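Good morning, colleagues. Please turn to the structure on the screen; I shall speak about charged pairs and about one part of the surface.

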Amino acid sequence: MTPEQYVQDKAAKSGSSFYYAFLFLPPPRRAAITAFYAFCREVDDVVDEVQDPGVAATKLAWWRKEVASAFSGKPSHPVTLALMPHVAAYDIRAEHLQAVIDGCQMDLDQSRYLDFAGLARYCHLVAGIVGEVASGIFGRTQAQTIAYAHRLGLAMQLTNIIRDVGDDARRGRIYLPVSELQQFDVKAHEVLNRGYSERFTALMTFQAGRAHRCYDEALALLPEADRRAQKPGLMMAQIYRTLLREIEVQQFQVLHQRTSLTPLRKLWIAAKTNWTVR
């Protein structure tokens, strides 16, 4: 398997909404975003799939060294071998990749966030930086597009958090800020034990409202000059926002199940966005 086949396989098997947006890109940009996405999946999988925190920390440390080696001209992993030919063309820097690793390290170091400011810092690393790199690959000409990409990354990560409350709880993690749990009188043990209540629904309604505001703010920040080039990001925004609305319709039944859209529906949303964005 070549490095290019490896990252393609990694992206396709993930079932992620991102993959459907990549399909509409020209080959060079598609190759670059697929390799970058595969890198993000590799380091994220370390946290999600490795049971021993010590082993996970060792693996993340290895990735830090691999990134440094890759940008020194000596990549060794299929992901970095596939990514490095594209870094100059799309201004992908070592600090971008190290920031994503920093975000994954936060998952090892803490399982709670006291307030939204702390959570926003985490979202900046695991989603905002990813949005910034992706917007460069898609074709960014305006500086303000970076602000759009960061805001959209935040909106999408907040949607992930809402969708994954139950899955994260089974790993002992709660990404909903402690201050907001207290505001709505929802106890951590209720979330960990999958306990629904009107208080929990009110808390989640609050979370969804903030995510929707972030989507609106992101779209307002996108300069018209870059709108066409940023279509893949707009596709992902539509897919994720449709998912968020689906969760709202289901009254936030997220503690015992993981709501998802079918591959066909994701593809349809991506294609519809491709047709309508001019």
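**Salt bridges and a surface patch**

This structure contains 19 salt bridges. Please bear in mind that the model is a predicted one.

I begin with D9 and K13, whose salt bridge has its closest N and O atoms 3.3 Å apart. Both belong to helix α1, residues 3-14, and because they lie 4 residues apart there, about one helical turn separates them. D9 is partly exposed at 28% relative accessibility, while K13 is exposed, its relative accessible area being 67%.

The next pair is R93 with E95, where the closest N and O atoms of the salt bridge are 3.0 Å apart. R93 counts as partly exposed at 30% relative accessibility, and E95 also counts as partly exposed, at 48%.

Now to R258 and D164, joined by a salt bridge of 3.1 Å, N to O. This pair links distant parts of the chain, 94 residues apart: R258 sits in the loop between α14 (231-249) and α15, and D164 in the loop between α8 (144-163) and α9 (165-170). Is D164 buried or exposed? D164 is buried, because its relative accessible area of 12% falls under the 20% limit. R258, at 44%, is partly exposed. There is also a network: K10, R41, E42, D44 and D45 are connected by salt bridges that share partners.

Finally, the surface. L23, F24 and L267 make a nonpolar patch of about 220 Å². Of these residues, L267 lies in helix α15, residues 263-276, and is partly exposed with a relative accessible area of 34%.

Definitions and conventions:
Residues numbered from 1 in each chain as written. Predicted model: local features only at pLDDT ≥ 70, side-chain atom pairs only at ≥ 80, totals over all residues. Heavy atoms only, no water. Patch = residues over 30% accessible without salt bridge, like charges linked within 9 Å, V, L, I, M, F, W, Y side chains within 5 Å. Areas by Shrake-Rupley, 256 points an atom, 1.4 Å probe, with all protein chains shown as cover. Salt bridge = Lys/Arg side-chain N within 4 Å of Asp/Glu carboxyl O. Helix = DSSP H or I, 4+ residues; strand = E, 2+ residues; numbered from the N terminus. Buried < 20%, exposed > 50% of the residue type's maximum accessible area, 1.4 Å probe, protein only.
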